[in-house]
Amino acid sequence: MYSLIWNDPGGVKDVVFRRLSFHTPHVLIFLTCSAGKKPAKEMSFLVVVPGDPIVAHVGSTGILPCWISPPENAEALEIRWYRHDQFNNPVLLYNHGKIQDIQECFRNRSSLALRSDQSGGLKDGDVSLRLEKLTFQDEGSFHCYVSGDREYGSKVVDLKITEWSSVSDPSVSSGPWKALFFTVLIVLMLMLSLVGCLYKYRDNLTGKKQPRTVLMAFTPALIHQLNSL
C-alpha cells in the first residue's frame with residue numbers, strides 16, 4: 001500500500017490520499033501489453049477462383065473466373081490482374097470506377113467480363129478477366145488481386161493453352177471431307193449432263209428415243225444427297 005499527502009499552497013486545508021487500493025506493478029504490466037497490442041485485421045470478403053486450370057484453344061477467347069464472397073458491389077474496389085511478380089505492371093488494372101491500365105501485350109484483347117450468364121458483373125462481385133486471341137505465350141498463372149479501404153485478397157488462376165484438334169473441333173476434321181464430297185458431286189453432275197447431251201444427240205440422229213433408266217434412277221438420288229447437306 002502507498003500513501004500520498006499534498007499540502008494546499010494556500011494553507012486552507014490538506015488533501016490526503018491514503019490507501020491507494022491498486023497494485024502498481026500489475027497495472028503497469030497490463031497497460032504495457034494493451035498499448036503494444038494492435039487490433040486484429042478482419043477480412044470482410046474472400047477472393048474465390050476455380051480449383052482447376054482454365055483450358056482454352058490458341059486463337060480463341062478465354063474467361064478467367066474470379067469473384068468475391070460474400071457477394072458485394074466491387075465497382076468501388078481496386079481490381080488488379082497481374083502475372084508472376086509483375087504487380088506494378090498489371091495485365092489489367094481497374095480502380096476508381098474504370099480501367100486505368102492494361103499491359104501492352106494484352107492491349108485491345110483484355111477486359112473485365114462475366115464468368116457466367118447468371119453473373120451480375122461487378123455489382124455482384126464478379127471480377128473475372130476476359131482474354132481474346134489467346135497465344136501460347138499467354139499460358140501460365142494469373143493473379144486476381146482485389147483491394148478495398150481496409151481489406152484485400154488475392155488468388156491465382158492457371159491458364160492452359162492447347163492447339164486445335166479434330167477431337168476438340170469436329171468441324172475441322174469434317175471440313176476437307178465436305179469439300180471433297182462436293183467436288184465429286186459437281187464432277188458427277190457434269191458427267192450426267194454430258195451423258196444427257198449425248199443421248200439427245202443420238203436420238204436426233206436416229207430419230208428414236210432410247211430408254212434412260214440408269215440416268216433417271218441416279219438423278220433423284222443425287223438431288224436427294226444435295227438436299228441433305
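This is a predicted model: local features need pLDDT of at least 70, side-chain atom pairs count only at pLDDT 80 or more; totals for chains, interfaces and linings use all residues.
**Exercise 1.** Which aromatic pair does Phe87 form with Tyr145, and where in the chain do the two residues lie?

*Solution.* First the geometry: Phe87 and Tyr145 are edge-to-face, 5.2 Å centre to centre, with 85° between the planes. Then the location: Phe87 sits in the loop between β7 (78–83) and β8 (92–95), while Tyr145 belongs to strand β12, so the pair links distant parts of the chain, 58 residues apart. Tyr145 counts as buried, at 15% relative accessibility. Now widen the view: ring pairs join Tyr82, Phe87, Tyr145 and Tyr152 into a cluster. Finally, check for a charge: Arg80 lies over the face of Phe87, at 4.2 Å from the ring centre.

**Exercise 2.** Find the disulfide formed by Cys66 and describe it.

*Solution.* A search of the whole structure gives one disulfide. Its partners are Cys66 and Cys144, with sulfur atoms 2.0 Å apart. Cys66 lies in the loop between β5 (62–64) and β6 (67–69), and Cys144 in strand β12 (residues 140–147), 78 residues apart. For handedness, read the angle about the S-S bond: it is -85°, and the link of Cys66 and Cys144 is left-handed. Both cysteines, Cys66 and Cys144, are buried.

Notes
Residues are numbered from 1 along each chain as its sequence is written. Side-chain values use heavy atoms; hydrogens and water are left out. A disulfide is a pair of cysteine sulfur atoms within 2.5 Å. Helices (H or I, at least four residues) and strands (E, at least two) are DSSP runs, numbered from the N terminus. Buried means under 20% relative accessible area, exposed over 50%, partly exposed in between (1.4 Å probe, protein chains only). Rings of Phe, Tyr and Trp (its six-membered ring) pair if their centres lie within 6.5 Å; planes under 30 degrees apart count as stacked, over 60 as edge-to-face and the rest as tilted. A charge sits over a ring if NZ of Lys or CZ of Arg is within 6 Å of the ring centre and within 35 degrees of the ring normal.
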